[in-house]
Amino acid sequence: MRVSPLTPETFADNARAALADATLTGALRRATDTFAERRAAAIGAVPDWQELRTRAAAIKAHTLARLDAYLEEFTANATKAGATVHWARDAAEACAIVRDLAQARGSKRLVKSKSMATEEIHLNAALAQDGREPVETDLGEWIIQLAGETPSHIIVPAIHKTKEQIGALFVDKLGIPPSSDPQLLAAEARTRLRAHFAAADLGISGVNFGVAETGTILVLENEGNARMTTTLPAVHVAVMGIEKVIPRFGDLETFLRLLPRSGTGQHLTTYQSMLTGPDPMGQGPRELHIVLLDNGRSRIVADELMRQTLACIRCGACLNACPVYQSIGGHAYGSVYPGPIGAILTPQLQGLHSAGTLPFASSLCGACKDVCPVKIDIPSLLLELRRRAVAGEQVPAAPSRGAAPTTSKPARRKPLEALGWRVWSWVTRSPARFRLATAFARLGQKLPFAMRLFGPMRAWQSSREAPKLAARPFRDRWRGDAR
Ligand code: SF4
């Protein structure tokens, strides 16, 4: 069972613990630096990169504004092709659909390829209740399943682990001789996973894109495990967030040029599996079931400002670029979706009452916005969620089946912080008070040790330098020039 013990409520403590873990921070720095370098090289070779981003953002905005119509078109065409489409309002409903499908067919050996939607609904834990926990077949996912952990990155689930830690895990769980040779460890995983593929009777996957025009689903990956998960077992169940639909087959050209380059710095992922209904030749799955997952998304779509959150194509670039993620990794967020995208998505899925800390876990440097292939304005959305949290506005959690709609408690500011903002507001509303305050600040800058006496200032200054105030204020100079 892989449900993280950490939560967004304890973000500050989680982050402190992560920062103290030198092995973790070293692994994160190496991995995120490598991805950033590969991404820069890959997009440098695409002269129309910015046009592609603009086109992708426009396609997503257009689709999200007419999501109901495109979902109906997708459902009609997927059904025409022989797939069965199921609609799930929430996590419980989605898990129940998959459990019922497995139970009705007597499926006992389940395999699963990497899918954030199934992590979001905790599908493995739900299936484990019936003794049907699927075997993860993505190498990173399999490693963390062995370790009993949760993914810490959208596309690199085991980014937080070093090869030495993985070697030790294999010794412990698989009983192999000690080794930290990546090739040897991968070969061991391949051998073990192939046996699971050969025996599997039901395969579960996510979906990268669902094409309304044809009812096709597309699954991207690099290891071939998703190809085997979606073709070898007799039944394939694909769990697809409703925001994954795109209008036309031709739109894939735009997204396929953006996603792999942004995520892993590849020109194209090694495998692109396009599935339109079950295999008509009878050599692949006899049944294809597509579970359309809402779980709070239709509520996000209804909010015109926050809607762009759902344009995300889960490339992971904003995680790799974020100085906060680079320092603490994914587990500290206590959420399935970490990093900048998690900081805006999780509070909207779980409610501000439980994830209201996450929008504040950002320096607002804007690196996430710069790298996002679909131009999501993450810093503005972070600020809007902060505003709503402070104002006590309601961002309810996704409704659960059978439960009354959840409402959020207003997020509260820390008393000292609230007092600080009240004082700041009082000072800046009077020119005389503002002048007096800046005179004190100028004096304080001459005595830096005095600033360090205050706890918050000490923490702030431990890794930053405050900008110097001008010796002569602008207003004085302006008056001098005007005279
Ligand atoms: S928000 Fe943008 S950069 Fe971040 S994962 Fe989504 S698409 Fe990629």
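This is a predicted model: local features need pLDDT of at least 70, side-chain atom pairs count only at pLDDT 80 or more; totals for chains, interfaces and linings use all residues.
Let's start with helix 2, which covers residues 22-44.

Which residues of helix 2 are buried? They are L24, A27, L28, A31, T32, F35, R39 and I43. In an α-helix there are 3.6 residues a turn, so residues three or four places apart point the same way. The packing partners of the buried residues in helix 2 are helix 1 (11-19), helix 3 (49-65), helix 12 (252-263), helix 14 (317-321) and helix 15 (323-328).

## Helix 9 against helix 10

Next come helix 9 (residues 163-174) and helix 10 (residues 182-199), whose axes come within 10 Å and cross at roughly 40°. Helix 9 is therefore oblique to helix 10, and the crossing is left-handed.

On the helix 9 side, the contact uses K163, I166, G167, F170 and L174, while helix 10 brings P182, L185 and E188. Sorted by class, the residues of this contact are 5 nonpolar, 1 polar and 2 charged.

## Helix 16 against helix 19

Finally, helix 16 (residues 339-350) packs with helix 19 (residues 378-391) at an angle of about 40°, and their axes are 10 Å apart. That angle makes helix 16 oblique to helix 19; helix 16 passes helix 19 in a left-handed crossing.

Here P340, A343, I344 and P347 of helix 16 meet I378, L381, L382 and L385 of helix 19. What classes of residue make up this contact? There are 8 nonpolar residues, with no polar and no charged ones.

Key: Residues are numbered from 1 along each chain as its sequence is written. Helices (H or I, at least four residues) and strands (E, at least two) are DSSP runs, numbered from the N terminus. The expected span of a helix is 1.5 Å times one less than its number of residues. A residue is buried if 20 or more other C-beta atoms lie within 10 Å of its own, exposed if 12 or fewer, and partly exposed in between; C-beta atoms are placed from the backbone. Two residues are in contact if their C-beta atoms, placed from the backbone, lie within 7 Å. Axes are lines fitted to C-alpha atoms, for helices over the stretch in contact, and angles run from 0 to 180 degrees between N-to-C directions. Angles under 35 degrees count as roughly parallel, over 145 as roughly antiparallel, 65 to 115 as roughly perpendicular and the rest as oblique. A crossing is left-handed if the near helix is turned anticlockwise from the far one by less than a right angle, and right-handed if clockwise. Ala, Val, Leu, Ile, Met, Phe, Trp, Tyr, Cys and Pro count as nonpolar, Asp, Glu, Lys and Arg as charged, and the others, Gly among them, as polar.
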